[in-house]
Amino acid sequence: MNLVDAFLERLARHADLAGEVAHREEIPPRAARFGAWPAGLRPELRSGLAALGIERPWAHQAEAVRRALAGEDVVVVTPTASGKTLCFNLPVLDGCLADPEARALYLFPIKALEQDQLGAFRELAAACGLEGRVSAEIYDGDTSAHRRAKIRAVPPNVVISNPDMLHVGILAVHPKWEAFFTHLRYVVLDEVHTYRGVFGSHVANLLRRLLRVAEIYGARPQIIACSATIANPGELAARLTGRAPAVVEESGAPEAGRTFLFLNPARRSPATLAAKLLREAVRADLATIVFTKSRKNTELVYTWAVHGDARLRKLVSAYRSGYLPEERREIEERLFTGELKAVVSTSALEMGIDIGGLDLCILVGYPGSITSTWQRG
């Protein structure tokens with residue numbers, strides 16, 4: 001019996017917690033479905049993938065890369081940890097090899113994703129032997145004024161940013177970015193399912209401005225978008241960009257079996273119950289993430305979980321916006337290496353940031369949408 005099954009068995013017999021389990025649902029595992037890289041993928045990229053241990057793509061990766069290399073706008077809609085990053089990094093690297101002047105703009109909704117994706121891009125480029133030939137830099141609110149000026153003057157092949165910086169730091173001063181826009185070939189939009197409501201309307205207008213500005217400089221960039229599983233990916237991407245992309249939504253990635261428990265805290269608050277579950281999980285040696293709906297609840301659950309236990313204070317951390325960038329990077333790194341056993345977070349860790357393998361996810365209240373529920377779980 002593995003650690004997770006043992007924990008669930010103890011929970012079922014727990015004198016204080018067993019009575020609050022309202023429902024249990026088992027989701028069976030799913031095997032991988034593989035495809036083949038398109039014939040036009042360059043040898044340097046194939047060699048780099050092999051060096052990283054990627055011999056065959058999953059089916060959705062193969063289809064997305066094939067469509068992107070054919071020049072199509074694409075939206076890839078598959079679950080978290082299904083390798084969507086390759087669906088845009090490979091076409092962009094291929095395009096930069098074909099034309100060293102080619103430029104790409106990567107947009108992510110949160111800064112933590114920018115850091116994560118910069119590392120992934122550089123790792124793949126290095127494996128392909130492209131260090132010094134293809135460059136990438138982050139351009140956001142944490143970038144120093146001196147560094148921003150250098151990026152504008154000599155743009156890297158890939159500029160990684162977010163909608164807010166696109167609004168105030170790029171489009172508002174687009175003449176300073178002439179060298180970048182003239183050669184803009186790709187726009188990558190990650191986590192497009194987050195662009196809904198008022199925020200989505202804002203981003204849709206930004207993207208229309210972006211495409212109009214690119215047109216001024218003679219560019220018509222290709223759009224590659226990625227999303228968590230949603231019901232209408234093509235419609236959403238079309239409303240955001242004004243274009244109708246090809247939709248790739250049949251995931252070929254393997255999925256482990258999962259157990260969902262619904263708990264009804266009849267005698268306590270959800271935050272109190274979550275804190276108790278977190279203590280039990282860490283003592284059972286389970287790598288755990290707890291998602292709350294507010295900064296206040298994040299701090300409360302963390303404080304209650306570690307109260308009076310010096311060992312837990314070393315193994316558990318809170319994580320939310322408002323922390324300094326270097327504090328967030330340190331927490332992410334400690335989670336990835338296993339130094340931290342658990343984290344209590346707002347939605348700041350929901351969107352595909354690589355923090356290693358986890359055993360247990362605790363949702364403190366309904367996140368507000370089915371998409372967020374699956375994304376967090």
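User: Is Glu191 buried or exposed?

Analyst: This is a predicted model, in which local features need pLDDT of at least 70, side-chain atom pairs count only at pLDDT 80 or more, and totals for chains, interfaces and linings use all residues. Residues are numbered from 1 along each chain as its sequence is written, and side-chain values use heavy atoms, with hydrogens and water left out. Buried means under 20% relative accessible area, exposed over 50%, and partly exposed in between (1.4 Å probe, protein chains only). Because its relative accessibility is 6%, Glu191 counts as buried.

User: What is the phi of Glu191?

Analyst: Glu191 belongs to the loop between β6 (184-189) and α9 (197-216); helices (H or I, at least four residues) and strands (E, at least two) are DSSP runs, numbered from the N terminus. Most residues other than glycine have a negative phi. Glu191 is not glycine, yet its phi is positive, near 55 degrees.

User: Where does Asp285 lie, and what is its phi?

Analyst: The loop between α11 (270-283) and β10 holds Asp285. Asp285 is partly exposed, at a relative accessible area of 42%. Although Asp285 is not a glycine, its phi is positive, about 65 degrees.

User: In what order do the 4 strands of the open sheet stand, and which of them are at the edges?

Analyst: The pairing is parallel and the order is β11-β12-β10-β13; two strands pair if DSSP finds at least two bridges between them. Each edge strand has a single partner, so one side of it is left without a neighbour in the sheet. The edges are β11 (316-319) and β13 (360-363).

User: At what angle to β11 does helix α12 run?

Analyst: Helix α12 (residues 295-306) lies across β10, β11 and β12 (342-345), where contact means heavy atoms within 4.5 Å. Axes are lines fitted to C-alpha atoms, for helices over the stretch in contact, and angles run from 0 to 180 degrees between N-to-C directions. The angle of α12 to β11 is about 170 degrees.

User: Which strands does helix α14 lie across?

Analyst: Helix α14 comprises residues 325-337 and runs at about 140 degrees to β11. The strands it lies across are β11 and β12.

User: What is the relative accessible area of Tyr366?

Analyst: Tyr366 is placed in the loop between β13 and α15 (370-376). Tyr366 is partly exposed, and its relative accessible area is 47%.
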